[in-house]
Amino acid sequence: MSCSGLLCLHRGDLHRALLPLYCTLTVRVLSHGRRMSPSLKQSYRVLQLPVNEDSSQADVREAYLRMAKLYHPDSGAPTADAALFARIEEAYRAVLAHLARQKSALQYTQPAEEEDEEKNKGSAVAHRQYLSFEGVGTGTPSQRERRYQQFRVDRATDQVLEYRRKEMERSAADEGAMVERDMRLRSRQIKITQAVERLVEDLIQESMARGDFRNLSGSGKPLNKFEHNPYADPTTHNLNRILIDNGYQPEWIVTQKEIRERLAKLRSGLLEARGRLGEPMRSHEQLRWQELCGNFAVDLAKLNKRVDTFNLIVPLLSRQMVHFSLKREVERALREDKERREERRRRETELRQMERERERERETTQARQDGRQGLLAWMQNLLK
């Protein structure tokens, strides 16, 4: 039988068999570098792209931008050339059109393959559809695969939601158990407190019945609760008195006390350090004094931050404090050191004067004793 007769007899089967092969060969012919036209090859060479390798649209665009930076008339590069850039732009458009034709050819082959799978669906054994993908979905294998992936996503989502629900129920149960335990402990504490109060009240009533409170001084007289401020609330006054008796102090008072103690300590340390240096200071002593002043500045900055905290919590505006100045503190230390040195010199001068007076008194006394002894010796010699 001739080839024309074979085509006439089995035209439908041959069409189904040869259509994918024809589309594949068409794509290969469009995409293969050896079948390119000379003008298209020249466009690839102008863009400096490999002719024998497939290049994506991103590669073509990157090559075009690279060439534009070199040859565009407005780029300011020394290689700028308007004619060459026009050729580059024309080659860029030609290559993009070639890639678009390749993409359309690939899109044409996919519907043909799906149509062929749909036509061959009836010839497949029915039970084979459920041997894969856990029996999920119907249609072609590609459609069943997409539906099976969506099924897996939905199943994973349901599992995550179920896990979260169980975790929330478990945490709610644990929280309820903790609340119940706290309520039991609180009720127990209340019962113990009430029992102690009843016991104390019973003891007080028994003591009053025996007359133990009759011999107290001031019995029958009102309590002196409002001797300091008669306009204050009795409960507030009693609470304040209890707090004061137990040594309680507000936070701003404690902070103010700490600031004053820290400032006094820093001042005394700086004054003692200055006292250990000479007067006037030599070069190495001046360097040491500058180092001490730097350390004092760091400590004073920390103290000023404490002052800011104090100003935020102090209830009275008149009790707020200002920052301590490094210059004033250094001048104060120098002034006090100078006064100390002058006081030390004055005392040393007074001590020397006292020593000289004592030495004169001793010399006078010694001279008188020597004079008396000489007079006695003369009288003894005279009597002999």
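Here is a walk through the structure shown above, from the whole chain down to single residues.

First, some ground rules: this is a predicted model, in which local features need pLDDT of at least 70, side-chain atom pairs count only at pLDDT 80 or more, and totals for chains, interfaces and linings use all residues. Residues are numbered from 1 along each chain as its sequence is written, and side-chain values use heavy atoms, with hydrogens and water left out.

Let's begin with confidence. pLDDT is the predictor's confidence in each residue, on a scale from 0 to 100. The protein chain averages 79 on that scale, and 79% of its residues score at least 70. Where does pLDDT stay under 50? One such stretch is residues 1-34, for which the model has 24 contacts beyond four places in sequence (contact means heavy atoms within 4.5 Å). Another is residues 121-130, with four contacts of that kind. Among the elements of the chain, helix α1 (residues 3-9) has the lowest mean pLDDT, 39, while α9 has the highest, 93.

Now for the overall build. The secondary structure comes to ten helices and zero strands. Both kinds of element are DSSP runs numbered from the N terminus: helices are H or I with at least four residues, and strands are E with at least two. Buried residues make up 18% of the 384 in the chain; buried means under 20% relative accessible area, exposed means over 50%, and partly exposed is in between (1.4 Å probe, protein chains only). Take the contacts between residues at least 6 apart in sequence, and 51% of them join residues at least 24 apart.

Next, pick out two helices, α8 (residues 251-275) and α9 (residues 283-313). They pack at an angle of about 170 degrees, with their axes 10 Å apart. Those axes are lines fitted to C-alpha atoms, for helices over the stretch in contact, and angles run from 0 to 180 degrees between N-to-C directions. Because of that angle, α8 is roughly antiparallel to α9. The cut-offs are under 35 degrees for roughly parallel, over 145 for roughly antiparallel, 65 to 115 for roughly perpendicular, and oblique for the rest.

T255 sits in helix α8. Is T255 buried or exposed? It counts as buried because its relative accessibility is 6%. Apart from its neighbours within four places in sequence, T255 is in contact with R306, F310 and I313.

Between α8 and α9 runs a loop, and P280 is found there. A cis peptide bond joins E279 and P280, with omega at about -5 degrees. Elsewhere, in the loop between α3 (38-46) and α4 (57-71), you'll come across Q48. Although Q48 isn't a glycine, it has a positive phi of about 60 degrees. Why point these out? Because most residues other than glycine have a negative phi, and most peptide bonds are trans.

Finally, head to helix α10 (residues 326-383), where L326 is found. L326 counts as partly exposed, because its relative accessibility is 34%. Setting aside neighbours within four places in sequence, L326 is in contact with C293, F296, A297 and L300. L326 and F296 are 30 residues apart in sequence and 8.1 Å apart in space, C-alpha to C-alpha.
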